Number of protein chains: 2
Amino acid sequence: MIAMYIGIGIASAQTWIWYPGDYEIWLGNKMNNRRTERGAFFPPFWRQESHFVTVEFSTQVDLATAEELTIAAEGTFNIKIDGKLQFGMPQKITIPAGQHKINIKVHNQVTPPALFVSGATIKSGSHWKVTSEDKEWIDESGKASDTSTTTYMQAGSWNFNDALSLPSQFSLVRDAQIAVSKDGNLYDFGRETFGYVKLHGIIGNGKIGVFYGESPEEARDEEHCETLDYLQVTDGMVTNLATNETVQLDNIYVFSNSKAFRYVYIKTEGSVDVANVSMDYEYMPETAVGTFRCNDELVNRMWEVGQYTLQLTTREFFIDGIKRDRWVWSGDASQSYLMNYYLFNDNDEVKRTMWLLAGKEPISSHINTIMDYTFYWLISIYDYYMYSADTQFLQQIYPKMLSYVDYVESRTDADGLVQGLAGDWVFVDWADKPMDKHGQLSFEQILYCRALEATAKVAALVGDSENEQKIAARAADVKSKLLPYFWDDTKKAIVHNRIDGKQSDEVFKFSNIFAIMFDYLSDEQKKEVEKSVLLNDEVLKITTPYMRFYEMEALCQLGAQEQVMREMKAYWGGMLSEGATTFWEKYNPTDSGTQHLAMYGRPYGKSLCHAWGASPIYLLGRYYLGVQPTKPGYDEYEVRPSLGGLKWIEGDVPTPFGKIHIRMNKKRVTVKSDGGRGTLIVGKKQIEIPSGKEISVRL
Amino acid sequence: MIAMYIGIGIASAQTWIWYPGDYEIWLGNKMNNRRTERGAFFPPFWRQESHFVTVEFSTQVDLATAEELTIAAEGTFNIKIDGKLQFGMPQKITIPAGQHKINIKVHNQVTPPALFVSGATIKSGSHWKVTSEDKEWIDESGKASDTSTTTYMQAGSWNFNDALSLPSQFSLVRDAQIAVSKDGNLYDFGRETFGYVKLHGIIGNGKIGVFYGESPEEARDEEHCETLDYLQVTDGMVTNLATNETVQLDNIYVFSNSKAFRYVYIKTEGSVDVANVSMDYEYMPETAVGTFRCNDELVNRMWEVGQYTLQLTTREFFIDGIKRDRWVWSGDASQSYLMNYYLFNDNDEVKRTMWLLAGKEPISSHINTIMDYTFYWLISIYDYYMYSADTQFLQQIYPKMLSYVDYVESRTDADGLVQGLAGDWVFVDWADKPMDKHGQLSFEQILYCRALEATAKVAALVGDSENEQKIAARAADVKSKLLPYFWDDTKKAIVHNRIDGKQSDEVFKFSNIFAIMFDYLSDEQKKEVEKSVLLNDEVLKITTPYMRFYEMEALCQLGAQEQVMREMKAYWGGMLSEGATTFWEKYNPTDSGTQHLAMYGRPYGKSLCHAWGASPIYLLGRYYLGVQPTKPGYDEYEVRPSLGGLKWIEGDVPTPFGKIHIRMNKKRVTVKSDGGRGTLIVGKKQIEIPSGKEISVRL
């Protein structure tokens, strides 16, 4: 039923296709290699691959009447009809009536081989097969080999739906914008933004320094701002001193690399002068299908700023933050996915990001080198399935999931648990206190266990019962060790780690939060942990929105929506009261002034627009509007709305079939859904939500 | 001692560097994807990969005085000195006196990231390290991670020795040539050749057909010639109908894709006319250091035609043949390597070809999909070491050797032997009789055994004693089964195969030849096999020069140089008497007329310029001039000259230190060597060959 929306919906599209993951890796390379640090190129430190340069697309057709195909390809190509190679690279070709096999090979070293085929009934789409090695050799007599063992994938695609929309030409959208105010040479664009700075009316000769700041302090600090540019203007020629590009001086100079900033500070040497500064804002067009409004304007502002934060960090892929890394990080992205399900519900963005993170075989490190990030990636795939019912993607990505699970298993210890080995980054969180990363960390075991469970479920969904059983057994084994190894019954808490068989004394919130979320504790233990850890001021406070996301989620799952609303208003509201126009990478309410800007030992090292800051989007959608799928793709779902202390709330949650609208005040809940089989749960009442018809329930 | 020539010689060079194998794979993709078949693009059917898009080069220096570096890169780059990132992409930078670390990251999606650094003492070369993932992350305080477990390789390089010689701009050399005669519209270029056809003086409108032929029959046969082009000329515009390229009509139209041919036939439709046809001959510049002359002009002609055949097939890489595949095939290439050691001695060509064949991890099929070809690749690496003493290459390529050995082992049967599984091409040879490819083929076990022995030796050379022992033990196990499983004491021969534990009756020459060459038979058995198989007319005759190569070699090893000389004159001389200007892919002396042109069920399917046809080069150098290294890189070598029935022979054999010159007649042998420690062996005499001084020995 749900497959109607997804499987067949995609399959019948007429769209450009490629080897799944290859376009994403290629586009991701472009993005991940645009980072600069104070004028220096700053690429990722993990392995980056490229696309297969020659791939074969194929399909089988059964035509009632002959049909003319239009073929477009990115690359050199050939076409075989029923095994017979055709002359040249035909842009038009007629397929006779009847059953036929069509095989098209495309080669492209520079950009991913891609294909677009269009006919009355024959249309390229993700139902086409693709392989990177067809192993079709011939023998002495010219007879072709049996290629029945060739590994075919279902083709990858996005939204390049006409012959002229070349995948390799994809670019984000740009809009010209001007600064809202100017203080000497400091230009203020009014809020955090991203794009290409433009210098107007350059005259004279000399050097122009352009210093970008998320804060005015950063922009004015030539020596320490994170990003900058220098131009040398000499006799009508302008040279970018970072990139060595030289162009003729024109009315407007546009920088070729985008930057994140709110403020731009200009400093000149010599006779050169700059009349004005503007920008081309660059963004991914997204529609905010998800909405939230309530009686509290601070909460509404949290939603708006969260939405803008997620908009800025939703680019070719979900990135971490716009100023510094601008890279795709799995831990960060897995939070963006969840927020996205309650805002844009852009499945393609989720899948692209997952493909890029997966990279190519062989696996030589954890995703982004971080152990936790491999686990988040595995977990997030099953989550995605719940929101999308996209079984085709599961089929495509599952072999990579198996590879990661194998990679992790090959590095487990004698207990079958994970420990950080040489080359593994054990991250957990940026904490304000040294955290021992040695031995078995309870946090990593819990994520590992959940990742195995998620992979086993996907194995079942793609019909690999042998691996399903093997991986589920491994998950059960890890799970069986969690409490014996890490539960401290005196502290009523999961301790941080275990070294050489010895449980440590240290308690952090992290693993306790996840043990609640993943239901690895009894109800009694959860209540104990809520008191002994989550609401215990003795335990180290979390100062990243990253881990506060999960902390808030765990509390919501324990029904503490009112508590969480207070926390959100204090924490995210705290950033707003510091003047935030987007949410930050880290926020410690006890800091003050420019302390808020510093990180990594650098005065402006902190990102002030970080995707993981935007979690109110997710929390408000899932735990206040209260909507979540209970069957894949919202085929079934539940609505458990909660005011959390507010007077009224209202909003929309996107789904594959449209949206679900919720209004609630202290007296009444109203729900209208475009589809699916929903259940409204208020108190002990469970009311069926009909499709397409508003229902209203008195509380 | 020998390391002086190789290791340090390369290390001190100032040259462009890259990730080893990556440039070769990129260049190989360009070459392997240029094949066409009757106007259709025809790429390989095995997996083709691409380069890592971001790599880090590094070195450590200790400078007496400060030094200015010039930096050139193919790609965006950054530079760290002692861990500190420098601004921009400096083309000049000064390194202060003292000990310093230099790290340079280069990113390039389109062509392989490459680097050239030039200073008074600091020069980029293959002694620089390179990695595709440095795993250098930072913690909260900005402290960098420990990268001591990062996998570094020694950088790859070739002969791009100045800043302006960009590796990505490499191209073969072109020389304009004209046809030697013309018969109507059939142009004859006098001998087999390769390049870009040029049409002169096109006038009028219409279609021009260009039909290429290695024979006049092929060129004149529009319907069956293997390669062709069609142009459409309309009102001063010319469109190549195969590639869809359109250009303005000019005095000369040059085709953009090279072809192999001796004859070009032009056919026009409409009012269009072509005044003349010429070509740009394209070739790899090589110097024939190896030479051979003797009293017999037929043998001299064999050498010359062999040399020209190898010259034509020695392109960016050693390819199979110039007309049809134009691909790098491991079995073919491993013969080219051996011929090359006696002709060009171009180590770089050998290494490039081996890198391309190795491809990238993970291994998903045999090299070129062919089981035998994986084994030849492994064997040829140790051979290369014997001719070059290039330990650096062994260090670089060894991990890939291990991967292939593991891949093969993962597919062995219960006996630990190899059988063709689904997707494996078990090739052996193009034989004129159906050959059963099922079960355990003696031929494949013998190659497998030798491949394991070669890998074990390389493991020892790179200091991996654990794998050396493991792989040597595996080789011993396979070897111990060869005779019990395949020797038929009645037939006095190794039989072809064994299915379900049952030895077959069939005997082919192939495995018997290799068992002799690899010394897997006792001296008595060798003599028996010579009679019962090699010289037995009842056993299927070999009709490819490919396997005749080894047949001749085995006979030479048995001392049958006179017999081999007769065979060579009959077989290669047979092709010459058929008018060959290069040696062929296959030659059956019992064929006649156009039968010689047919193969693969196609009338002109056979390649008339095939590298494996050129084996007289190797045989004459190694078994008549009689020169071979006995220690790596000719540090020690032997000369066992043999007239093989000729009156006199004379020639040079290239070595890392220069060459070894031999003259022999029935009375006297004269040897002069530029280096090494040689032993001249004539009859029972063993005479030391001094370096740089001619010696002469009376027979």
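How close do the axes of helix H7 and helix H8 of chain A come, and at what angle do they cross? This is a predicted model in which local features need pLDDT of at least 70 and side-chain atom pairs count only at pLDDT 80 or more, while totals for chains, interfaces and linings use all residues. Side-chain values use heavy atoms, with hydrogens and water left out.

Select residues 371–388 of chain A, helix H7, together with residues 391–409, helix H8: their axes come within 11 Å and cross at roughly 155 degrees, where axes are lines fitted to C-alpha atoms over the stretch in contact and angles run from 0 to 180 degrees between N-to-C directions. That makes H7(A) roughly antiparallel to H8(A), a term for angles over 145 degrees. Next, show the side chains of the contact (heavy atoms within 4.5 Å), which include Trp377(A) and Tyr384(A) from H7(A), and Phe393(A) and Lys400(A) from H8(A).

Now display both chains. A rotation of 180 degrees with 0.0 Å of shift along its axis superposes chain A on chain B, with an RMSD of 0.1 Å, by least squares on the C-alpha atoms of residues with pLDDT of at least 70 in both. The two copies are thus related as by a two-fold rotation axis.

Select the interface next, where 68 residues of chain A are in contact with 68 residues of chain B. The chains bury about 5,600 Å² between them, 60% of it on carbon and sulfur atoms, the buried area being the accessible area (1.4 Å probe) lost on being put together, summed over both parts. Finally, pick Phe41(A), Phe87(A) and Trp137(A), which supply 13% of the area that chain A buries against chain B, more than any other three residues.

Methods
Residues are numbered from 1 along each chain as its sequence is written. Chains are lettered from A and ligands numbered from 1 in the order in which they are written. Helices (H or I, at least four residues) and strands (E, at least two) are DSSP runs, numbered from the N terminus. Angles under 35 degrees count as roughly parallel, over 145 as roughly antiparallel, 65 to 115 as roughly perpendicular and the rest as oblique. Buried area is the accessible area (1.4 Å probe) that two parts lose on being put together, summed over both.
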